[in-house]
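Let's take a walk through a protein model together.

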Amino acid sequence: MKEMSTTGSSTLGGQQPRKHYGITSSISLAFPREIDHIYTQKLTEAMKPFGVFEGENELNHRLAVLGKLNSFVKEWIAEISETKNLPQSAVANVGGKIFTFGSYRLGVHTKGADIDALCVAPRHVERSDFFSSFFEKLKRHDEIKDLRAVEDAFVPVIKFKFDGIEIDLLFARLAFQSIPDNLDLRGDSLLRNLDIRCIRSLNGCRVTDEILYLVPNKENFRLTLRAIKLWAKRRGIYSNMLGFLGGVSWAMLVARTCQLYPNAVAATLVHKFFLVFSKWEWPNPVLLKQPEDSNLNLPVWDPRVNPSDRYHLMPIITPAYPQQNSTYNVSTSTRTIMSEEFKNGLMVTDEILLGKADWSKLFEPPNFFQKYKHYIVLTASASTEENHLEWIGLVESKIRVLVGNLERNEYITLAHVNPQSFPGSKENRNENEFVSMWFIGINFKKLDNSDCVNIDLTYDIQSFTDTVYRQASNINMLKEGMTIEATHVKKKQLHHYLPPELVQRKKKSLGDINRSSDGGGSKRCSLDGSHLDSSTDTGTPFSSPTPVSKPCQPVSTPEDSNTSPPNLPVSVFMDGSPPSESSSTSEQGMSIPVIGSKPPLPTATPVSEPLAGNTIPTVVGRNVIPRLSSPTPTELPNSLNGAAPKRPHSPSLEEPPKRHKDAEEVIPDDSAFKEPYPVTGNGLDVEDGLTEEGLAATKPMPIPTIDTSRTQRLPSKELPDASSPLPTSNLRVIKNSIRLTLNR
């Protein structure tokens, strides 16, 4: 159903009279009650300690800085016009303008946040002029510091600090003789005959303006978005680079909520946000308006036409032409994590609106370092501070490649990267070394038909490090001292890497103890219904069917299971060194070969605890007792002789995944752009529209988006291939072999 539009002269800031917003009618037109205003005021007060609101002085300072920058641009364009022999009358009216976008343009920026800006110039000003003469003009100004240009980026940018405010400035030239001060960038005709870099640069402003145009009440939208962005950052799910959602994606989700509840205030909208998206049936797309074709022949997101678009897991489509999916980086794991956070947010806001909790509870951070039993510690090191900043930027941009590799391992159900990086501890680094660490929590699949299994993560880690080193070599970034290492650690070993306040266990309340004694909360499920590894050691010990043969670990008391894993022997040995007896006797499990490893020798000396920060081959597990008989191929999970949904081993000659034949089918109607649930035609009261039961019961409209298993997703272009060899320089490339033994 197309959004109704009205004719007549109106500005972007004005409110348009229309029947409804978005591609469906509203769920509720109910107006706020007095109690809703009270809850909204409490929400505002709860956010103030986090610095989300900027004072009047800071706002005026930003306006003054942008005014000066706008004057610089006009002066520079006039100077360039004179050098290109334009008539004096044309030079006087050539114009030029600074546009803002992102959080500042939306009105939701926080204290100290940077400003995303766009310099728009007429057609006779080249991009090369922007990165040469304008760059030099900025360099001569005393108030501008930390000036640097990134001309070869996907979206070229000049970064600098102007009187203490960080600014990222893009450039676009339009096919106009002059740039008037009242220019509106929302018209699609502006894009005609522009090069792709100008279109990309314009996209941020066009999307931001379109979002503001499509929401019914801008003030309610802004306060709600401030709350949701703060919640997402506090819960560790705010990072487009790492596969979560970025600022524009959160803005579009909030805007869609505002469209469905056009008269609601912020407190109600925050609650409805969690209600809507905890029930959303991904991969149905979120759309703020019906996509339109402007006949400019630009690529747009459309699963009816582009088969690759059908594999996007959590599509949120930008409203401005050319429409794109802003969540391309989302993986199976990050979608699972965000979906669970939506459900948790709904539970908390239910309590808040019932008067059982305060808004501060919504912004409580999770205890990431108590959530999982296994972690991958990713360490990036460099010899100088300048090299370190450059190196960690590249490494962080590729971490999602590692997450994708881990997801495709058949024994891993979840790989959860913490967006926050941590400095390396003094014990684990050299004195003159600059180190950053990231932590990835791992959930392993519960094994029902086997006692223990050997898991080799060597291929997953090495293909990631190869990608990083190759990229660094291709762009001539790789320098002496730049290293990247991955280490497997268990939860009880995290204190070697992190300060005690981050890894200490929170004391359980009486209510938590009572709930755990009832057997609740000891196991979580993923979205697809497959069981995830028990993520904490609290509550009732995980119960599994009685094993046919002896278990691989000694039986522990319930008290032991409720605290930390028993301190049993762990074998550590160098790559190519002899494995211990526990390793050799476990070879009847699913054994995965180590790339580049040597044949095992008869004996090894076990040690009681792995050293902190070890990057040598590790078998992490208990003393392994051999099974009475090896399972037949049909008894193995994700059997190799069947259609395994995950990569069953560490292949060096693995073929790329094949797409199902039905993936190429094209649905001829417009069902690709339907909402995932029918809405009421009259849009009367809240109870007549979206409810928890109603959302769960309704069925989505069919769309040609495919939610496939991980190995059926299109391979990432960033993954290493045999045709692109590793750098041949004499720099030391660290290769880790990580092997561990899991017990049922």
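Which residues have the most contacts inside the largest nonpolar core? They are F221, W231, W250, L253, F273, W391 and F439, and this core has 115 residues. A nonpolar core here is a set of buried Ala, Val, Leu, Ile, Met, Phe, Trp, Tyr and Cys residues joined through side-chain atoms within 4.5 Å. Buried means under 20% relative accessible area, with a 1.4 Å probe and protein chains only. There's also a second, separate core of 29 residues, which includes F72, I115, F135 and I165.

A quick word on the source: this is a predicted model, where local features need pLDDT of at least 70 and side-chain atom pairs count only at pLDDT 80 or more, while totals for chains, interfaces and linings use all residues. Residues are numbered from 1 along each chain as its sequence is written, and side-chain values use heavy atoms, with hydrogens and water left out.

Now find two helices (DSSP runs of H or I, at least four residues, numbered from the N terminus). The axes of α7 (residues 218-234) and α8 (residues 247-260) come within 10 Å and cross at roughly 135°; axes are lines fitted to C-alpha atoms over the stretch in contact, and angles run from 0 to 180 degrees between N-to-C directions. On the α7 side, the contact (heavy atoms within 4.5 Å) includes F221 and W231, and on the α8 side it includes W250.

Finally, zoom out: buried residues make up 51% of the 744 residues in the protein chain.

Terms used:
Buried means under 20% relative accessible area, exposed over 50%, partly exposed in between (1.4 Å probe, protein chains only).
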